[in-house]
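Please read the briefing below alongside the sequence and the coordinates. It moves from overall layout to surface and then to local backbone features.

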Amino acid sequence: MAKTIIEVKDLRKDFQVGEVTVHALRGINLKIEEGEFVAIMGASGSGKSTMLNILGCLDKPTSGEYLLDGHSVGNMSRDERAWLRNQKLGFVFQSYNLLARTSALENVELPLMYNPKIKAKERKELAINALETVGLADRMHHKPNQLSGGQQQRVAIARSLVNDPVVILADEATGNLDTRTSYEIMSVFQELNSKGKTIVFVTHEPDIARLTSKNLIFRDGHIIKDILVSHKTFAREILETLPVYDDYKK
Amino acid sequence: MNFINLLKIAINALKRNKMRTLLTMLGIVIGVASVIAMLAIGQGSKKSIQEQVSSMGSNMIIVFPSSQMRGGVQMGSASSKSLTIDDIEAISKNCPSVKMASPEVRGSGQVIYSGKNSPTTLYGGNENYLGIKKLSVTSGREFTIKEIQSSAKVCLAGTTVIENLFGSSADPIGQYIRFNSIPFKVIGVLSEKGQNTFGQDQDDLIIAPYTTVQKRVLAITHVQTILASALNEASSPKAVAEVEELLRARHKIRGDQENDFEVRSQEELVQTFSSISNILTILLGAIAGISLLVGGIGIMNIMYVSVTERTREIGLRMAIGGRGKDILLQFLTESILISVFGGLIGILLGVGASQLVGKIMNWPTVVLPQAVVAAFAVCTAIGIFFGWYPARKAANLDPIDALRYE
């Protein structure tokens with residue numbers, strides 16, 4: 001029996017917009033186990049972003065329970081949640097969110113800067129390891145503006161890995177990339193997943209979602225479908241079928 | 001987050017915007033430099049005034065007649081003849097805090113020697129006169145008590161008078177000069193004193209025995225001013241009180257009546273000038289302080305711009321585990337670094353500028369260490385004060401909104 005990383009029970013989230021209360025999440029029950037690769041899907045307004053914000057401890061639920069690796073997030077303070085994010089979570093964003101004019105290595109080191117237990121030397125070693133994992137060890141002194149979109153996203157993935165999180169949360173991580181680069185990024189995620197990393201991936205692209213192991217479809221604040229992806233597809237295999245343009249040659 | 005990481009993050013952030021950092025710093029640099037330079041100039045002028053006044057004799061006491069009521073009519077003070085030679089003798093005898101005393105009588109007129117003439121002032125005093133006024137004779141001799149008793153027509157001349165009448169080459173000792181047609185034999189030349197604080201030439205004078213001036217020049221029997229010298233600077237207020245008491249008794253002034261004379265000490269004068277130059281220093285410092293304040297507001301402005309511009313960075317830092325406190329400290333550290341480095345450069349520049357002013361314009365400047373320490377402390381305070389609000393704004397951002405900020 002695999003360890004449960006994320007457990008959500010009857011989770012609700014309301015927003016007060018002027019006079020109107022918007023029910024973004026209306027009673028979500030969810031369990032994600034170690035080693036799963038979950039895609040959260042849904043149209044805009046379906047509540048998937050709200051779900052991700054709560055899973056990412058950036059937001060608090062209105063009611064219900066959320067256990068992240070055994071920690072109950074619901075009644076934590078701002079600072080406690082920040083600590084939890086630093087220790088347990090890795091984030092990958094649609095627009096990479098790398099610090100400009102800062103080398104890839106320093107960008108990857110950033111989460112460890114907020115952990116006082118990690119010394120400078122260890123921090124650098126961990127960051128280099130993470131960059132090696134995403135295949136960018138040779139670019140570690142490049143600044144974001146010297147890297148392509150795919151490379152920037154791989155730096156971002158390395159940054160999400162560097163603190164050895166229990167789960168990586170990706171928010172439309174392929175949204176800004178072309179098809180081929182998207183598959184390259186997905187192949188990186190699949191590789192991480194095959195090494196045992198738990199990944200939660202928000203996307204609205206079915207093509208991307210079928211590269212994961214489980215799809216949760218959101219609509220109007222409910223999970224309307226929970227599909228186990230039966231036939232596993234490898235991003236690497238799809239990549240081989242795509243035509244290669246000169247632009248992509250290294 | 002530990003302190004070294006904090007510094008590293010702040011320095012990296014500042015380095016990413018070098019030009020902006022330098023320009024913001026410039027506001028503080030100019031502010032601090034001008035505060036230090038202005039205070040140095042103010043302090044310098046205070047010191048030089050004090051030195052000049054005390055070179056005139058800081059333990060000197062001056063007694064001069066004040067206006068009197070005579071039959072219900074208020075008289076002008078110059079016409080008063082209330083001070084006499086007997087008063088001076090009484091002061092020397094009965095006031096223990098007074099070292100010595102001298103009358104002073106004076107008249108202005110024209111001095112003539114062969115074909116040349118120039119306007120000057122003739123002063124009359126006794127054998128203590130030079131000592132009280134801190135004057136000395138460079139060549140020739142002082143007049144003797146015997147010459148005073150006999151109203152001898154001898155005089156000591158200041159260097160300006162000598163130059164006007166004799167030029168620079170000739171030896172004036174033993175020559176006869178005429179003051180308002182009365183001949184005086186020059187027996188000594190006074191040491192040079194230069195200009196006083198008010199730009200008055202202190203060498204444009206001749207000094208003769210008071211008896212001579214009283215009888216032969218002014219035809220009076222009273223004295224215009226009494227000069228006395230206290231034992232030392234500290235005893236000068238006591239000496240003033242003693243002289244006042246004595247003269248009230250001698251002039252038969254009853255309890256509630258006003259004095260017909262006034263006693264001033266040079267020390268009071270020093271204090272008056274000191275307070276004037278203190279006001280000057282405060283004024284200059286305040287004006288410079290305003291520029292420091294403007295520099296501080298510049299920091300605040302730039303920090304606000306920086307917070308807005310880096311909203312997404314703040315969101316990211318929060319997402320990866322930065323607490324509100326970490327973000328607050330980061331921005332606060334940035335503004336403190338700007339102000340402290342600006343302050344250090346400003347101190348160097350201010351000290352340099354005040355020395356330059358001292359050299360080039362020949363103004364006395366004194367850089368007080370307290371001023372430097374205070375300027376540095378104010379700088380740090382400015383960094384904290386003006387960095388606080390932008391930093392708090394950053395720390396209070398909602399990470400979700402910050403991450404989405406366009």
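The C-alpha centres of domain 1 of chain B and domain 2 of chain B lie 57 Å apart, the domain bounds being those of an automatic or database domain assignment. This is a predicted model, in which local features need pLDDT of at least 70 and side-chain atom pairs count only at pLDDT 80 or more, while totals for chains, interfaces and linings use all residues. Residues are numbered from 1 along each chain as its sequence is written, and side-chain values use heavy atoms, with hydrogens and water left out.

**Layout of chain B**
- Domain 1 covers 3-52 + 272-404, and domain 2 covers 81-259.
- The C-alpha trace of chain B spans about 105 × 60 × 35 Å along its principal axes.
- Chain B has a radius of gyration of 34 Å, whereas a compact globule of 406 residues would have one near 22 Å; the radius is taken over C-alpha atoms, and the globule rule is 2.2 Å times the number of residues to the power 0.38.

**Burial in chain B**
- Of its 406 residues, 50% count as buried, where buried means under 20% relative accessible area, exposed over 50% and partly exposed in between, with a 1.4 Å probe and protein chains only.

**Positive phi in chain A**
- Tyr96(A), although not a glycine, has a positive phi of about 60°, and this residue is buried at a relative accessible area of 12%.
- Asp164(A), also a residue other than glycine, has a positive phi near 50°, but Asp164(A) counts as exposed at 55% relative accessibility.

Methods:
Chains are lettered from A and ligands numbered from 1 in the order in which they are written.
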